[in-house]
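Subject: Structure handover

Hello,

Here is the structure I promised to pass on. Please open it alongside this message.

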Amino acid sequence: MYFPALALFLAALAIRLVCSPIVPLHPDEIFHILTATSWSDDGSYRLGDGSYTRGWIYTVMAGESFHAFGHVSVFLARLPAILAGALVVPVIFVWISRSADRTAGWISALLVCCTELMIRTSDFARFYSLQALLVTAAAAMIYAYLLHPSRRRAWVPVLALACLALAAQLQITTIVAAGAIGIFVVLFLATRPQTRALLADAKMRRLAFALLVLAAAAGAVVVYLGLPRLLEAEPWAEKHKYNYLFYHVLLSRDYRLFWYLMPLAAFAALARYPRLTAYCLALWLIPLFVHSFGGMKADRYISYAFTFFLTFWGIALACALPWLKTAVVRTLDCLQEACAVPLGERIRAVLVPAILVFCALSVIAVNKLLVDSPKLIAKGMVHFVHAPAGIFRNPPDPEWDRGLAAIRRDLDGGAVLVGVDELRTTLYLQTPNFGMYLPPAPVTFERNGFTIDKRNGRPVIENVEDLERVFSCLPRGVLLIPARRWEQYGFLDEPMARFITARTKPGPPRIPGFYIYRWQHPVNRQGCEAVRKEARLHSRSAPLEN
């Protein structure tokens with residue numbers, strides 16, 4: 001069992017390595033790249049003039065990766081996520097092979113190995129794949145211990161709880177997974193004959209009732225404290241905040257057959273492996289339901305639960321495979337009788353697997369992102385064949401790649417820099433003097449009349465009034481605006497765009513995909529001390545090497 005698990009790990013690792021250079025950079029990755037750089041330099045979580053501690057475990061891992069290789073790159077920042085994503089595959093294989101059968105283990109592991117979402121969250125310098133690994137490992141350990149409890153193995157649930165605690169530090173949504181596991185454990189224990197025997201005693205019934213009351217109270221406290229965080233949404237996610245069918249629409253579009261046939265597949269899987277199937281369904285459907293009412297919605301937020309959706313389908317397909325194989329053999333028998341066409345054993349030995357493979361391909365073809373998965377892998381392999389060393393290069397960032405050289409050449413070092421895409425501006429150029437976006441309220445505070453983003457310690461221009469103050473008090477400046485942010489709510493809205501076009505001049509440089517505006521005029525410095533103070537940079541980040 002362990003040799004196939006090792007082979008699956010190496011295959012998953014290879015897929016994620018070759019795909020990493022072609023998976024575009026996501027802005028959220030920049031948080032960890034910049035903070036990990038400071039960790040590698042001096043052991044701090046510094047980001048600009050602020051501090052970014054969210055998911056600090058991942059930041060430390062990325063920082064140690066930089067330190068070990070003596071270099072800063074997107075690939076090295078992604079390396080912990082790549083390894084974690086690859087490790088999920090053998091964990092699924094070993095767990096399902098032991099709890100169900102080897103066929104279910106292989107199918108489940110291959111689905112997790114090759115599905116586009118699982119590859120993409122692994123090639124992502126953030127904590128999603130590490131969270132999925134810790135939640136999956138904890139779920140597997142708890143399930144195994146429930147079936148075979150032992151005092152000698154009391155360390156197993158303790159280790160599982162430690163995994164969940166680490167995963168919760170990375171992403172608070174782990175509490176949802178822990179709640180799903182808890183619900184299954186309570187229902188499982190309630191149906192055990194040993195539990196019923198214990199509850200025959202009045203003292204044990206009172207103790208069990210007290211424990212249930214305590215658990216319910218703890219759950220109520222968690223809900224009370226966590227509900228505001230669950231419901232809040234950053235400005236860019238506001239449009240989906242009240243779209244409670246978001247994930248239904250996403251799954252209907254990207255995993256159509258798997259999503260619509262899930263009830264039918266559940267009957268087949270529950271008939272053969274009722275406990276394991278119910279466990280996987282609980283760990284998929286409960287988080288899916290909770291996240292549907294959350295403010296922030298994206299497929300990566302449910303990736304830790306999506307692992308169990310794929311595992312469920314691995315079990316279901318393994319249960320359907322013997323029936324399908326028998327159906328294929330009977331169909332060939334009928335064909336031979338009806339057409340008087342002799343089908344020897346050798347022909348059957350080729351036809352049966354070929355028809356089963358065709359059926360599998362037809363299932364994949366209906367699910368959009370399952371079709372995209374082999375395309376992504378093939379594209380990554382072609383890229384690797386043409387440039388093996390390309391694995392270690394920074395991934396594409398098309399918007400910035402086109403004009404970065406010109407921006408660096410023509411950027412006026414003495415001018416105040418206002419960055420609308422402040423993360424990429426910091427990564428490729430320098431920390432901007434001012435950002436221009438609406439940061440999440442919990443990470444802000446007020447200073448000198450400006451909203452300050454705690455994460456980078458820099459002031460944020462949120463409206464026309466803030467722009468007027470900056471323009472009136474600072475004699476020279478540059479506005480660097482990606483075209484996709486122009487007149488976009490949460491960044492640079494229409495009134496601000498009108499103000500900029502009226503008070504500034506375009507370029508240079510003139511680059512497709514960017515709006516670059518400059519201003520230079522005399523100012524009255526009276527009453528401007530606060531603005532000039534906020535414009536000063538206390539630390540400057542070195543740009544990422546291309």
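Below is what I found, from the whole chain down to single residues.

**Overall**

This is a predicted model. The protein has 546 residues, and 49% of them count as buried. It holds 24 helices and 10 strands. Along the principal axes, the C-alpha atoms fill a box of roughly 90 × 70 × 45 Å.

**Annotated spans**

The unreviewed UniProt entry carries the annotation "transmembrane region" for residues 75-96, 127-146, 158-187, 207-225, 276-294, 301-323 and 350-371. I looked at two of these spans in the model. Residues 207-225 are 100% helix and 0% strand. The end C-alpha atoms of that span, 207-225, are 27 Å apart. Residues 301-323 are 91% helix and 0% strand. For 301-323, the end C-alpha atoms lie 36 Å apart.

Start with helix α1 (residues 2-19) and helix α18 (residues 368-386). They pack at an angle of about 70 degrees, and their axes are 8 Å apart. α1 and α18 are therefore roughly perpendicular to each other. From α1, the contact uses Ile15, Val18 and Cys19. From α18, it uses Leu376, Ile377, Gly380, Met381 and Phe384. By class, that contact of α1 with α18 has seven nonpolar residues, one polar residue and no charged ones.

Trp56, Ile57 and Tyr58 in α3 meet Leu166, Gln169 and Leu170 in α8. Here the contact of α3 with α8 has five nonpolar residues, one polar residue and no charged ones.

Now the strands. In a regular strand the side chains alternate between the two faces of the sheet. Strand β3 (residues 416-419) has Val416 and Val418 pointing one way. Leu417 and Gly419 point the other way. All four of these β3 residues are buried.

What does β3 pair with? Four bridges join β3 to β8, and the two run parallel. Within that pairing, Val418 has Leu479 in β8 as its bridge partner. β3 also pairs with strand β4 (residues 434-435), in the parallel sense, over two bridges. There, Gly419 stands opposite Gly435 in β4.

Which residues of strand β6 (residues 450-453) lie on each side? Phe450 and Ile452 are on one side, and Thr451 and Asp453 are on the other. All are buried, and both faces of β6 are covered.

β6 pairs with strand β5 (residues 444-447) through four bridges, and the two run antiparallel. Phe445 has Ile452 in β6 as its bridge partner. β5 and β6 form a hairpin with two residues between them.

β6 also pairs with strand β7 (residues 458-460), again in the antiparallel sense, over three bridges. β6 and β7 form a hairpin with four residues between them. In that turn, Gly457 has a positive phi of about 70 degrees.

Most residues other than glycine have a negative phi, and most peptide bonds are trans.

Asn448 has a phi near 55 degrees, a positive value in a residue other than glycine. Asn448 is found in the loop between β5 and β6, in the turn of the hairpin described above. Is Asn448 buried or partly exposed? Asn448 is partly exposed, with a relative accessible area of 31%.

Glu487 also has a positive phi, near 55 degrees, and is not glycine. Glu487 is found in the loop between β8 (476-482) and α23 (494-503). Glu487 is partly exposed, with a relative accessible area of 45%.

Best regards

Methods. Residues numbered from 1 in each chain as written. Predicted model: local features only at pLDDT ≥ 70, side-chain atom pairs only at ≥ 80, totals over all residues. Heavy atoms only, no water. Axes fitted to C-alpha atoms, helices over the stretch in contact; angles between N-to-C directions. Parallel < 35°, antiparallel > 145°, perpendicular 65-115°, else oblique. Contact = heavy atoms within 4.5 Å. Nonpolar A, V, L, I, M, F, W, Y, C, P; charged D, E, K, R; others polar. UniProt positions renumbered as here; feature names shortened; annotations may be inferred. Buried < 20%, exposed > 50% of the residue type's maximum accessible area, 1.4 Å probe, protein only. Pairing = 2+ DSSP bridges.
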